[in-house]
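Please walk through this structure with me, one packing contact at a time. Keep the model open as you read.

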Amino acid sequence: MKNTADYFKNLIAHCKEYGFVFPSSEIYDGLSAVYDYGPYGVMLKNNLRDYWWRAMVQMHENIVGIDAAIFMHPSVWKASGHVDAFNDPLIDNKDSKKRYRADVLIEDYVANKIDAKIDKEIEKAKQRFGDTFDEPMFVATNVRVQEYKQKKENILTRFARAMSTGELADLKNLIDELEIACPESGSRNWTEVRQFNLMFATQMGAVDGDIVYLRPETAQGIFVNFLNVLNTSRQKIPFGIAQTGKAFRNEIVARQFIFRMREFEQMEMQFFVRPGEEMKWYDYWKNKRMLWHKAITPAEKLRFKDHDNLAHYANAAVDIQFEFPFGFKELEGIHSRTDFDLKSHQELSKKKLQYFDPELGESYIPYVVETSVGLDRLFLTCLSNAFTEETLEDGSSRTVLKIHPILAPIKVAVLPLLKNKEELTGKAREVFNMLKTNFICQYDEKDAIGKRYRRQDAIGTPYCITIDFDTLETNTVTLRERDSMGQVRIDINDIVNNLHDKLHISNLLTD
Ligand code: ATP
């Protein structure tokens, strides 16, 4: 595929055509930034969630799970700071009538205009000096690189100040001074910057009932259950609480398919630690989470990115970014949230949210290190890695989803070589029935065998089993592997063990 815009467009079309992701309420022309998962999509999503849950809860004796309600007492969002501060600064371009996040415009400017220039200087020098090139030395001493770095530093300092103090006029000044233009119209005719709260509100109960919010993050369900879990799970600090579930944000700019949705799913874990030990655990979870991603995603497509602008609750924060078809963007956040949330809930609820540490002989409000990954973004990561259009040796092409076999929606397809031969279809049904209690399987007898292989490639099925005339004589089948398209013959009695070895989730957890 020639360019990444085409690649992304084809990926979205593929998701729809093969039943992975549909626009919500499509017969009514869809609902902006809301999506539904189709038959294969829901299986892939379940598998990704399961991989996360097992890696967190099954693999850690000191992490337990909960499933809190989406609706919570309105005071929760007062204490958490979301009512007052869960805002994005929005700005409109008067010519294109397009709306943008002012912070994203500035961050993109830094990444595309300054970082890119630094990278270019480094690349040029690398070529000039060859093997003797000392990159850290070059970066520290090259005058041009230093100028770019200084400029970046100045912008980011001003940006961080404006964001934390809410000086929206200065954000606008920065956009004007940097001559940032609307990507759509190229014009610099901007409105003022305004704050916009991202929470959805609704009413609970009778006509004039109380305002409640659809939770904008799952984390608060964990904080308000801190005591319940502590008192019922026999955990001692350090310990974690994990949760997966829907979150809702009235995003200003909701483009880029399932990357930014108004209803999405988060997988979050809050790890409660002794005050003063949070940086140790922050580093621990940073590394641990990166390894988790690397087990299913090529390392060169992942990187850390420290936050330029810390949220109101954090004393350290880093993103794990993935190289999406539209560039490196946040996939997961790891945040050191201090004791901000528990302390605020303690103050507002007047309930003591403390832990008695038997080793220290004292009580304290624990500090929290959070890992927070979006399941839908993970899904998009997985498909962006997997979606491949290949030209084969014979000149034909195939579209294949090279999803990690353990995460693939359908694990095995069982295919009789011919449809009209009762002895083949009967045997194939027998094999299918044997396998379906172990794996998610699909039986398919329609069309020529080559076409059926292509159909399975397109939904990412890692293994196809074909029942042919030799099967009837030797009790063996062919096992075809999706990526190499290589085939081996194996005995029917060996299929289950053979596939279990390849497909068991323990392979991912121990790696
Ligand atoms: P962004 O800067 O992209 O808006 P964020 O920093 O607000 O993201 P967090 O509040 O840290 O995101 O949420 C944790 C994770 O939840 C993100 O890393 C992302 O994977 C996911 N997430 C957040 N907002 C959305 C959304 N609108 N659609 C899909 N996933 C989201």
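**Helix pairs, domains and a loop**

Start with helix α5 (residues 102-129) and helix α7 (residues 143-165): their axes come within 10 Å and cross at roughly 165°. Axes here are lines fitted to C-alpha atoms, for helices over the stretch in contact, and angles run from 0 to 180 degrees between N-to-C directions. Helices (H or I, at least four residues) and strands (E, at least two) are DSSP runs, numbered from the N terminus. The crossing angle makes α5 roughly antiparallel to α7. Angles under 35 degrees count as roughly parallel, over 145 as roughly antiparallel, 65 to 115 as roughly perpendicular and the rest as oblique.

This is a predicted model, in which local features need pLDDT of at least 70 and side-chain atom pairs count only at pLDDT 80 or more, while totals for chains, interfaces and linings use all residues. Residues are numbered from 1 along each chain as its sequence is written, and side-chain values use heavy atoms, with hydrogens and water left out.

Which residues of α5 and α7 meet? On the α5 side they include Ile-106, Tyr-109, Val-110 and Lys-117; on the α7 side, Tyr-148, Lys-152, Ile-155 and Phe-159 are among them. Contact means heavy atoms within 4.5 Å. By class, the residues of the contact of α5 with α7 are 11 nonpolar, no polar and 10 charged. Ala, Val, Leu, Ile, Met, Phe, Trp, Tyr, Cys and Pro count as nonpolar, Asp, Glu, Lys and Arg as charged, and the others, Gly among them, as polar.

Now turn to helix α2 (residues 39-58). It packs against helix α11 (residues 278-294) at an angle of about 140°, with the axes 12 Å apart. That angle makes α2 oblique to α11. Leu-48, Tyr-51, Trp-52, Ala-55 and Met-56 of α2 make the contact with Trp-285, Arg-289 and Trp-292 of α11. These residues divide into 7 nonpolar, no polar and 1 charged.

α2 also packs with helix α13 (residues 375-386), at an angle of about 110° and with axes 10 Å apart. The two helices, α2 and α13, are therefore roughly perpendicular to each other. From α2, the contact uses Gly-41, Leu-44, Lys-45, Leu-48 and Arg-49; from α13, Leu-375, Asp-376, Leu-378, Phe-379, Cys-382 and Leu-383. The contact of α2 with α13 has 7 nonpolar, 1 polar and 3 charged residues.

Step back to the domains. The chain is divided into domain 1 (1-66 + 198-389) and domain 2 (392-510); such bounds come from an automatic or database domain assignment. Their C-alpha centres lie 35 Å apart. Domain 1 gives 22 residues to the contact and domain 2 gives 20 residues. Between them the domains bury about 1,800 Å², 75% of it on carbon and sulfur atoms. Buried area is the accessible area (1.4 Å probe) that two parts lose on being put together, summed over both. Tyr-40, Tyr-51 and Thr-388 supply 24% of the area that domain 1 buries against domain 2, more than any other three residues.

Finish in the loop between α10 (226-233) and β9 (239-248), where Pro-238 lies. A cis peptide bond joins Ile-237 and Pro-238, with omega about 5°. Arg-234 is found in the loop between α10 and β9 too. Its phi is near 60°, a positive value in a residue other than glycine. Most residues other than glycine have a negative phi, and most peptide bonds are trans.
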